[in-house]
Structures are given as C-alpha cells and as structure tokens.
Amino acid sequence: MTVATQAALRIDNLTVRFGGLVALDAVSLWVDPGEVVGVIGPNGAGKTTLFNVACGFVRPTTGSLEVRGTPQRRLRPHQLARLGIARTLQGLGLFPHITCLENVMVGADRHARAGFTTALLGLPRSDRDEAALRERSMAMLQELGVAEIAGRLPASLPYPLQKRVALARALVAEPEILLLDEPASGLSAAEMDDLAELIRGLRGRMAVMLVEHHMDLVMSVCDRIVVLDFGKVIATGTPAEVRADERVLAAYLGDEVDATDESMSEAPDA
Amino acid sequence: MATLALPRRGPFASTIVRHLTVAVVGGLVLLLLTSSVNAYRDFQIANVGYYVVAVAGLTVLTGLNGQISLGHGALMMVGAYTAALILDRDNPPPLVVVLVLCVVVTAVVGAIVGAAAARLRGPYLAGATLAFAVGLPGLTSHYAGTFGGDNGLSVFTSPPPASLGVDFPSERWQAWITLAAALVTLVLLANLASSRVGRSFRAVRDDEVSAELAGIHVARTQVLAFVVSAACAGLAGGLLAVVSGQATPGAFSVALSLAILAGAVLGGLGSLAGAVYGAVALVALPAISSNASERFDFGTDVKSNMPLLVYGALLVIVMLVAPQGLQGGVRRLAGLLRGRSPAQPARNESVTEVSVTEPEG
C-alpha cells in the first residue's frame, strides 16, 4: 500500500494512558483526502479514545497528530472547525433549546464573518451574514431530506431525525475531515441504507473516519479499515483483506457482534 | 414574538430597522405616559428605567448564556460610584459621557469577574458572585476617604434643560433619561440576541462540548456574555445614582442582586420583553405591598417584611403557573388565542429561548 505524503489526518505512534490503563498503544494510522476509513474493534478497544485524541478532548501521552501535514501539539476542540475538522458525537449533543435550523447554523458559524460590534449595532452586514448562514443551513437540511423540521426543537423529534440534524450540523461546516462516531446506532435497516448511500456520496469530497459497530455498513462504505484490539492496531487494509485476516477473526469477527453496547465511559460528554 | 410580527420584507427585513421601529413607538408611548402622570409616578417610572437596564443585562447572561450571577448589585455599585466620582468635579462632562464611562469601567470589572466565572458552574458560580456582592460594599468603608464610607457620596445632577420650561418636574426629566437609556439598551441587546453572537451564547448554554466542536471558544464566549451583562449593570448603577442623587453602600446590598435576579426570573429568563415586566414588578411590588400593609394596619415588623413576602409568594406562583416567566405565559396565551398549540419546551426546562429571536414560520 502506498503511503501518501500529505494525508488529511495522520496519527503516528500514539499512546494514551489513563493512570495504569493503556487505552491506546503505539497506534499509527492515516486518512487520505477524500478517503473513507473505518475504525473497528471490540468494545473497549480504544476507538472512541482515538477519536477524542483527534478532537483534542484527550491529550496523548506520547505520539503525534498531523492535520494536512501540520503537527498539532496542543490541539483544543474549538480549533477543530478552523482546521476543517467536524465531528459527530455518539450522544448527538444537539442544542436542546434552539431550533434544528439554528443548531445547523451553529455548525455553519465557520463561514460567518460579522463580528461583535456589527452584531451589537445590527448592521446590514450582520443581517446578510445571518441570511447566508440560514440559507446554507436550510440547504443542508434539504439535502438530508429533513427541511420540514427546521423550526422544531430537537427533543420533539424521533431519534433518527435528530441524528440527521446532528449530521447536518457537522456537514454544513464543509469540513475537509469528518469524524463520525457510531453514525448507525439506533437506526433501522432502511435508514442505515440511506446512511451508507450518504457516506459513499461524501467519498472524494472529504476525508471521513468513522467508528462503527455495524459490520455491514463498515464493509460497504469504507475504502480502508483499521482494526483495533486492546489499544493496538492488529490489522489494516481493504474490507476484503480485513475480512480475511485471521487475527481480526480471532479478536473480533469470531465473537458475537454487539451493535449497541459501546462503553459510555469513553464518550467525552459522559 | 408579537412585537416583531412585522413583515420580513422591505425595510423590516433589516434587524436594526425592525428594532428601532419598536423602540421609537415605545418611546412615543412612554413620552405620553410620563407627561400625563404626577411627579411621584414619574419618579417610579425613572426607577423602572434603570431596573429594565439591569434586568435585561442579567437575563442575557442567565437566560441566553446559562450563567447565574448573584453579584449584579455590586456591578451596579461600580457604575454608581463611577458616576458619583466623575460628577463630583468642577466641570463635569455631559451626562451621556458620564454614563458611557460607567459602562466602560463596569465592563472592565465585569471582564475580570467573568474570567473567574467562566471557570465555575452552577452553585459554585452563584457562590462566587454572591461573595463579590457581599464583599464589594465593604470597600467603601475601607477606603472611606475616596468613597465616603457608609454615608456614600452625593451625586450632583444638572436640572432639566431650561428649554423645557421652569416648571418642568425634575422627576420627569430623570424618567426620560433612564427610559432613553433603557430603550437604547434593549435595542442593542435585541440586535445581539438575534445575531450569531446570541446564537453562540445559547449554544454554549445548551451544550459546551458541541459548541466547542462547532468552533466556539466556550470560555471566551462566557466572558463576553459576562462583560455585556456587566456593562448593562454599570449603566443601571450610573442611572440609579443620578436618580437617587447619591451612591451609598446600603443601596447595593445583596438584596439588590437578588431583586434583579428575581425580576429576570419573574419576567422570563432570556426574554427582553420579560425584563421589562420584571423591572415593573420590582418597582410596583414594594409599593403595592406597603400600601396593603398600611391599609390593613399591620405592625412595623410585618410592614418592613411585606415586600419580601410578596416577592416570594409571587415567584412561587409564577413558577407554578408559568415556569417560563411572565413572558412565557404571555406567549402561551397568545398561542392559545391564535388556536395553535404553542411550541413550548418541556415544563421542567428552566431556560427559554429569547423571545425576540424566534425564527419566523
């Protein structure tokens, strides 16, 4: 396999220790621009920790993280948007007291230019900015087929629709790198097909890294799969290669696949 | 909300035009009102004016950004003493300049308090700001030479301009000053609340992790909200000093901080219209309760505690009947009258969206 020199996201020799527990042990992986990479592994393998490092929620004990060739030593979550990284959360993390449209508009904030004084004085520039954000966000909701719920509060919607709003909030930023944390959990088979379609549509537009339990989805949408077990990368390759790998079969695919039981303690918002 | 149900086309598509129109209409109504009542009522209206400024500032902080402050009385004190010290000179600058300086000085103090506050949450933040409210008045006796100790400072204000006539009541002039300040404050806060800045306040209030992932610097946003809120408190304090003609530590006790918070909660947290109701209640309730205790001839013990009793009772009733405050109740009523089921969040949620920013349609 050729290693691109300018990966969208590159993680090198990453180790994370929580006290005596080694959550990630010398993990290296990369995601090329426009590529969809799946991270799989049994519960507790370190998938979510890996995501949290990529987001700046967790500082690695050793190892490095590069975004489009630039090392990120002190990455903080609020810098992600500027770096062109968007992430969805397992727990969705929608803003409960503002409408779905406004939720998406928060995600689109990266495109806004009007500053505090403009906003305070209500200058036309601020209005134009708002109209542009609104339009962009509305278009995103439309693209995901949920335009009609724009004015509703998230809590009033069924879970799959909430998930779409969360996805819209991440996509509307037009990130170069999209991190999807269990995008399929809680979805029906038909909704999962829609999701697979959508992720395949993102290929070529942005780099996507996803953590997922549903093997069908992972196998059908990913260009490349990285398998973690006990914090170590035990295999990496195309879906076909990974499916045939004996270490993977032993560690993971031989077991019962549990679709929903990712350890909550790993979630950043737990 | 109702006041903004103006068409979103033509000139009213512009935020500033929409908000200014409401303010001008409100200003004209207030002009008529203040000109048709007696001097005592004008004095009360002047008090409502600065309470509106303070309560509106706090409702942005607590309702929109989710930070509680029990220290706004002390921030008002900063504004009041700033006004007193500047006006106590041979050639004081015009009142507008004085009030702007009150805003600036208090905003700076607010930035310092806000930077500390951004590290604290919930009861810890309440405790820290409460300590600020308790501690600050003590400084006046420690530096009695500058701040005049317990007696405070006198505030010299200029009489109404001669062009208004010799008989023009100074209470009415003061009412005009505080109401003008209140209208300007409300317009600016409404602009802010309906902009991306207001949205980032609410995003941080609702979910800090998600807000950060969307590129919002959470701590910086919290400090900004605190500064905006403190600036309002500073203006309110300066106005209070002008209206009462003095700045004394006793006027800025913890009770004032609690009263402002009570006003914001009564009106409906996060609602600027609610801030107006809350401010009216803050002036009207003590007056009503002292009238009542006089009529029923309660003893002085009862009489002096009546306002507190009425506050408490009213807060309990409002929380039971309209947990989103008076403005929330008004909105629900309007929804019922229009025959729509109002899009109310669940009952147990303590925060509301600001009424002026509800999207159309």
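This is a predicted model: local features need pLDDT of at least 70, side-chain atom pairs count only at pLDDT 80 or more; totals for chains, interfaces and linings use all residues.
**Where the chains meet**

Let's start with the contact between chain A and chain B. On one side, 38 residues of chain A take part, and they are in contact with 32 residues of chain B. Four helices of chain A, namely H2 (80-83), H3 (100-107), H4 (116-121) and H5 (124-143), each supply at least two residues of the side that touches chain B.

| Class | Residues on the side of chain A that touches chain B |
|---|---|
| nonpolar | 21 residues |
| polar | eight residues |

Next, have a look at the strands of chain A. Four of them make an open sheet, in the order S2-S1-S4-S5, with antiparallel pairing. Strand S2 (21-31) and strand S5 (70-71) of chain A are at the edges with a single partner strand each, so one side of each has no neighbour in the sheet. In general, strands of a sheet pair through backbone hydrogen bonds. S5(A) runs antiparallel to strand S4 (residues 62-67) of chain A, and two bridges join them.

**A buried helix**

How many residues of H3(A) are buried? Eight of the eight are, so H3(A) is largely enclosed by the rest of the structure. Among these buried residues are Cys100(A), Glu102(A), Met105(A) and Gly107(A). And what do the buried residues of H3(A) pack against? They pack against H5 and helix H6 (159-171) of chain A, together with helix H8 (196-206) of chain B.

Conventions: Residues are numbered from 1 along each chain as its sequence is written. Chains are lettered from A and ligands numbered from 1 in the order in which they are written. Two residues are in contact if their C-beta atoms, placed from the backbone, lie within 7 Å. Ala, Val, Leu, Ile, Met, Phe, Trp, Tyr, Cys and Pro count as nonpolar, Asp, Glu, Lys and Arg as charged, and the others, Gly among them, as polar. Two strands pair if DSSP finds at least two bridges between them. A residue is buried if 20 or more other C-beta atoms lie within 10 Å of its own, exposed if 12 or fewer, and partly exposed in between; C-beta atoms are placed from the backbone.
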